[in-house]
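Okay, thanks for coming, everyone. Let me put the model up and we'll walk through a couple of spots together.

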Amino acid sequence: MEYRRLGNSGLQVSVFSFGSWITFGNQIGNSTAEELMIYAYDQGINFFDNAEIYANGESEKVMGKILRKLNWQRSSYIVSSKAYFGDGGQLPNQKGLSRKHLFEACNAALRRLQVEYLDLFFCHRPDKSTPMEETVWAMNHLIQQGKILYWGTSEWSGVELMEAHMVAKANNLIGPVMEQPQYNMFHREKVEVEYKKIYSTVGLGTTIWSPLASGILTDKYIGKFPDNTRLGLDELNWLKERSLNESKLAKVKKLNSLAKELGVTLPQLALKWCAINPNVSTVILGASKVKQLKENIATLEVLPSLSSEVLERIETILDNKPVHPMW
Ligand code: NDP
């Protein structure tokens, strides 16, 4: 396993990490969740991603029970939570990035995950109705209380990230170290263009999500619609409608042929493509079966590099390279 620095922090994170969205406490049983975590950890994965909203807190409970049972050395793994969407409550103050919700969400995550501190704590989305000062100060108080070690953002704009850093700098506080954006062959703008300058100005790290576009970057949706997959879940109809379309599937077919030509699978090609971006600190894998996780982690062995010729062929198939605005 390769380890990378999370931005300009001292923290080293495995290039592949493992997340629990949709799966833990929902799509899969707890024994599969445990097998997945054991396999990931044994392969050198040191970062496990979670959030208050995942299965309305249930995902953190499942992960917490597993962490307690396995009793790994606390120094050997990194665990995260994210606050913003709440864990199901609909009352005022049960969501967002106010000091009240961040404190309560952090304490709830610590209880559910059964850990004394979170290594990473994310603002899961920007909150337009809370002053940036309040959020930055709240995160710094949590650091000072020893409840979190590093804080970051998810799906913030470059402007919002820099505003947080301005507030932090003006008050001698710690700014966001990492951002968690979606990044995959079909979704590139933020990682490749919007944050481009921020990687060097503040040393931003990225923990990227949905590297397989929720499973579309596999061969399973090319033919007859498969059973027992994420995009077949009723509650995710919105995701299916938003992300499965003919133009994408035509590209998936071509990418799948290219992967076969290289002697690997499409998930392996798609994951390697994410990991070779030097501004990606870690690619968060998702899996509903151990077989998938084995195939995905094996990428590091079966596909040590991608030649410039292969990268050009991928660009031609994708035909979606985002460009910096020129003036
Ligand atoms: P992916 O895009 O990689 O999708 C994972 C899903 O694809 C699996 O659950 C499985 O679903 C399918 N899959 C994975 N590997 C294979 C394979 N080899 N062959 C066939 N199917 C495969 O990642 P996720 O969308 O799960 O995102 C990863 C993590 O990122 C999440 O767990 C979460 O921690 C984080 N995240 C963060 C978000 C944010 O807003 N910050 C948003 C979303 C995710 P199935 O078997 O059901 O088809």
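Let's begin with this: is Ala-55 buried, partly exposed or exposed? Ala-55 counts as partly exposed because its relative accessibility is 32%, where buried means under 20% relative accessible area, exposed over 50%, and partly exposed in between, with a 1.4 Å probe and protein chains only.

Quick housekeeping: this is a predicted model, so local features need pLDDT of at least 70 and side-chain atom pairs count only at pLDDT 80 or more, while totals for chains, interfaces and linings use all residues. Residues are numbered from 1 along each chain as its sequence is written, and side-chain values use heavy atoms, with hydrogens and water left out.

Back to the loop. Ala-55 sits between β4 (47-49) and α3 (58-70); helices (H or I, at least four residues) and strands (E, at least two) are DSSP runs, numbered from the N terminus. Most residues other than glycine have a negative phi. Ala-55 isn't a glycine, yet its phi is positive, about 50 degrees. Asn-56, in the loop between β4 and α3, also has a positive phi, near 50 degrees. At 46% relative accessibility, Asn-56 counts as partly exposed.

Now the helices. The axes of α2 (residues 30-42) and α12 (residues 290-297) come within 10 Å and cross at roughly 20 degrees; axes are lines fitted to C-alpha atoms, for helices over the stretch in contact, with angles from 0 to 180 degrees between N-to-C directions. That makes α2 roughly parallel to α12, a word for angles under 35 degrees. Who's touching? In α2, Glu-35, Leu-36, Tyr-39 and Ala-40 meet Val-290, Leu-293, Lys-294 and Ile-297 in α12, contact being heavy atoms within 4.5 Å.

Methods. Parallel < 35°, antiparallel > 145°, perpendicular 65-115°, else oblique.
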